[in-house]
Amino acid sequence: MITFALRRLLATIPTLLVVTLLVFGLVRLLPGDPARLMLGESANPQAIAELRTQMGLDRPIMVQYAAWLADVVRLDLGRSLVDNASVSRIIGQKLPTTIELSLLSMLVALVLAVPAGTIGAVKRGKPIDSAVTVFALAGISLPNFFLGILLIFFFSVQLRWVPASGYVGLLEDPLRNLSLMALPAITIGVGLGAILTRYLRASLIETLSQDYVRTALAKGVPGLAVITRHALRNAMIPVITAFGLQLGTLLGGAIITEQIFSIPGFGRLLVDAVSTRDLPVIQGVVLIAALAVFLVSFVVDLLYAAADPRITYS
Amino acid sequence: MVRTRTPVTTKPLGAPASPWARGFTRFLRNRLALTGLVILLIFSALAILAPVITPYGMAEVNFSRLRAGPSPEHRLGTDELGRDTLTRVIYGARISLTVGLGSVVIAMFVGSLLGMLAGFIGGWFDEVVMRVMDAMLALPFLVLAIALAAILGPNLQNTILAIAIVSTPPFARLTRGQVLGEKARDYVQASTALGARGMRTLLRHILPNILSVIIVQASLAMAIAVLAESALSFLGLGVQPPTPSWGSMLNTSRGYLATQPWMAFSPGTAIFLVVLALNLVGDGLRDAFDPRTRSG
C-alpha cells in the first residue's frame, strides 16, 4: 500500500510541475505587461517601473519562475496588491467556508443520487426510470446560477423560510450557519447529484447483472437486502471515483454560488480578485484549486486501491 | 489487386449502406434527441433572424416603462432601462450560440490535431503535449476560464478564446486514445505497408474512423461552453453591456427578485433550454454513433 502511494505520488510530480508552469505562465506569458495590467492603462510609467522591479519582472523569465516556485514550495504565494496581506493567509481564511459548503453540497448530491440512481437501475426501462433519466438530464442542464436565483425566489422571497444571503461562521452559531448554507448547498448539490445519478444508475445496472447478485436472489435473500447489502456497495466504487473527478464542478459551483449568496469563501475570493486585478491572488487561487484536484484524485486512488486488492500500480 | 464487382442484389433491401447512414437512422428514431435538435434549430433561427423578428431594438431604452411586467406590447416585460426583454433574450441567443459554436470549433480543431499527432507520432511530442493537457485538466474548468477571461479582458473574442482554451484538453485526450487504438488495426498497417505516408494515413484513413467520436464530444462540449459563457457574463467577465447576454441579464435580475421576478425567468429558461437541447443531441449522437458507450 505504501509503495503504491509513493509510486502514485512520484508519477504526479511531472504533471504537477507543468501545472506550476501553466499557473506562472498564465500571468506572465499572456499578452500585456502584468504591472500595467494591474495598475491600469492610465498609470504613470514610473509607478509601472517600480511595480515591475518589486515583482521581479525585470529579471529573466526562468529566474522569475524558479524564484516563484521556491516561494510556492514554502507556501509563500506572494502578497495581495490590494491590502498587502499574505495570499496564503487570505486563502487559508477563506478555504474552511468553501470546504463546509462543498461537504454539504456532496451530502445533498448523495441524498438525491443514491435513491434516484438505485430506482432507475432497478426499474430499468419502466416509466419511473425515464423520470430519473429526465431528472438527471435536467439537473445537468440547469445552470446553478439560475437554480440559486429560483431557490432564493421561492424559499426566501415567497415563503420567507430562510434568509436570501449572508454568512455566519459555523462555530459562531451552528444553527444559523446551516440555515444560511442550506440553499447554497442545494444549488450546487442538485447538479452534482444529477451527474452522480447517471454514474450510479449505469454502474448499478452492470452490478445487478453479475452472478453473485443472481446467486443471492436465488438463495432467497430479499431484493432490497441484495441491493443495499451487495449490489449498491460494489456499484458505489466507480461512483466514488466519479465524485473525486467532480471536484472541479464543485469548485466551479462554489464560485457562482458564493457570489449569489454573498458567502465569503474561496470562490468569492477569486471573483473579487478578478474585479480588483489582484494577480497574485488570482494566481494563488488557481494554484490551490489545481493542488486540491491533485490531492483529491490521489486520495480517491488510494481509497480505490484499498477497496479493491486487485489494483496495483504499474 | 483484383477488382471484383459486387452485385447490388446481395445488399439487403432497405438496409442503410454506411455506418454514417445507420447512425443517422438511429439518431432520427431517438425522440428525445430529435426534441433537442428541434429546440436548437428554433434558437438558431431566432439568433439568425433576430434583427428581423424582434419588435424593438436590442438597446432601445424606454424610461416610461421601467421593469414593466408582461403585457401585449412587451410579452416578457421590460428590464431596468425599459428595454424589451423578449428582444434581448432573442439577441442573447446570438451571443450564446456564437460563443458555444466558436469556442468548440477552435477547441475541436486544435485539440483533435494535437491529440492525433501525439497519438500518431508518439515519443517526446506525445509526452510534452499530453503532460500539458493533463496539467490543464487539473485546473478546474470554470476557475481557469475565469482567470483567462480576466487576464485577456472581457469581450466577445476573448470569451470565445478563454472557453476554447479550457475546452481543448478533452479533445486531445480523446483523439489520442482513438488514434492509438486505430494504429494497431489492420487497415492502418496495410496502408503503411502499401507505402502511404504518415500524414496521408492519418488524415485519409484514421480521421474518418474517429470523426464520429469527435463530433459526439463536440456536441457535449458545446453544452458546457454555453453554460461557461453564461457563467462568465453572469460574473461580468463576458460580453459587455449594452450587448445582451443571458448570463448578464440574470445577474441584473437578482436585484429585482422580490418585485419583478419575471426578469430572471426568461434568460434563465433560455439557458436551460439550450443546454438541455445540446445535452439531448449529444446523448443521442453518442448512442447513435458510438456503440461502445451506448447507455442502457
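A salt bridge, as the word is used here, is a side-chain nitrogen of Lys or Arg within 4 Å of a carboxyl oxygen of Asp or Glu. With that in hand, one can turn to this predicted model, in which the side chains of B:Asp126 and B:Arg176 meet in a salt bridge with a distance of 2.6 Å from N to O. B:Asp126 belongs to helix α4 (residues 123–138) of chain B and B:Arg176 to helix α6 (residues 156–183) of chain B, so the pair ties together parts that are 50 residues apart in sequence. The two partners also fall into separate classes of accessibility: B:Asp126 is buried, because its relative accessible area of 11% is under 20%, whereas B:Arg176, at 23%, counts as partly exposed.

**Salt bridges across the structure**

Over all chains, a search of the whole structure finds 9 salt bridges. The table lists some of them, including the pair already described.

| Salt bridge | N to O distance |
|---|---|
| B:Asp126 and B:Arg176 | 2.6 Å |
| A:Arg74 and A:Asp71 | 2.8 Å |
| A:Arg198 and B:Asp283 | 3.2 Å |

The salt bridge between A:Arg198 and B:Asp283, whose closest N and O atoms are 3.2 Å apart, deserves a careful look. A:Arg198 lies in helix α8 (residues 174–208) of chain A, while B:Asp283 lies in helix α10 (residues 262–289) of chain B, so the pair joins two chains. For A:Arg198 the relative accessible area is 31%, which makes this residue partly exposed, while B:Asp283 counts as buried at 13% relative accessibility. A further residue takes part as well, for A:Arg198, B:Asp283 and B:Arg286 are linked in a network of salt bridges.

Within chain A, A:Arg74 forms a salt bridge with A:Asp71, and their closest N and O atoms are 2.8 Å apart. Here A:Arg74 is exposed, because its relative accessible area of 59% is over 50%, and A:Asp71 is partly exposed, with a relative accessible area of 26%.

**Two buried residues in helices**

B:Ser112 lies in helix α3 (residues 85–121) of chain B, and with a relative accessible area of 6% this serine is buried. The side chain of B:Ser112 reaches the backbone oxygen of B:Met108 at a distance of 2.6 Å. If the neighbours within four places in sequence are left aside, B:Ser112 is in contact with B:Ala107, B:Phe171, B:Thr175 and B:Ile214.

In chain A, A:Ala121 is part of helix α5 (residues 87–122), and this alanine is likewise buried, with a relative accessible area of 6%. Although A:Ala121 and A:Leu204 are 83 residues apart in sequence, their C-alpha atoms are 6.0 Å apart in space. Not counting residues up to four places away in sequence, A:Ala121 touches A:Arg201, A:Leu204, A:Ile205 and A:Leu208.

**Chain B as a whole**

The secondary structure of chain B consists of 10 helices and 0 strands, so that, by the definition of these elements, the order from the N terminus on reads α-α-α-α-α-α-α-α-α-α. Taken along the principal axes, the C-alpha atoms of chain B fill a box of roughly 80 × 50 × 35 Å. Chain B has 296 residues, of which 48% count as buried. When one considers the contacts in chain B between residues at least 6 apart in sequence, 71% of these contacts join residues at least 24 apart.

**An enclosed space**

Rolling a probe the size of a water molecule over the atoms shows where empty space is left. In this structure the count comes to 1 cavity of 30 Å³ or more, and about 40 Å³ of space lies in the largest cavity. The lining of the largest cavity is made up of A:Leu251, A:Ile255, A:Phe266, A:Gly267, A:Leu270, A:Val285, A:Ala289 and B:Val143. The elements that give two or more residues to this lining are α11 (247–260), α12 (266–275) and α13 (279–307) of chain A, and the largest share, 3 residues, comes from α12(A). By residue type, the lining of the largest cavity divides into 7 nonpolar residues, 1 polar residue and no charged ones.

Note on methods
Residues are numbered from 1 along each chain as its sequence is written. Chains are lettered from A and ligands numbered from 1 in the order in which they are written. This is a predicted model: local features need pLDDT of at least 70, side-chain atom pairs count only at pLDDT 80 or more; totals for chains, interfaces and linings use all residues. Side-chain values use heavy atoms; hydrogens and water are left out. On a 1 Å grid over the protein atoms alone, a cavity is a set of points where a 1.4 Å probe fits but cannot get out, and a pocket is an open set with protein on both sides within 12 Å along at least five of seven lines; lining residues have an atom within 4 Å of a point. Grid points are joined across faces, edges and corners, and a volume is the space filled by probe spheres set on the points. Helices (H or I, at least four residues) and strands (E, at least two) are DSSP runs, numbered from the N terminus. Ala, Val, Leu, Ile, Met, Phe, Trp, Tyr, Cys and Pro count as nonpolar, Asp, Glu, Lys and Arg as charged, and the others, Gly among them, as polar. Buried means under 20% relative accessible area, exposed over 50%, partly exposed in between (1.4 Å probe, protein chains only). A polar contact is a pair of N or O atoms within 3.5 Å; within protein, one must be able to donate a hydrogen and the other to accept it, and residues adjacent in sequence count only if both atoms are side-chain atoms. Contact means heavy atoms within 4.5 Å.
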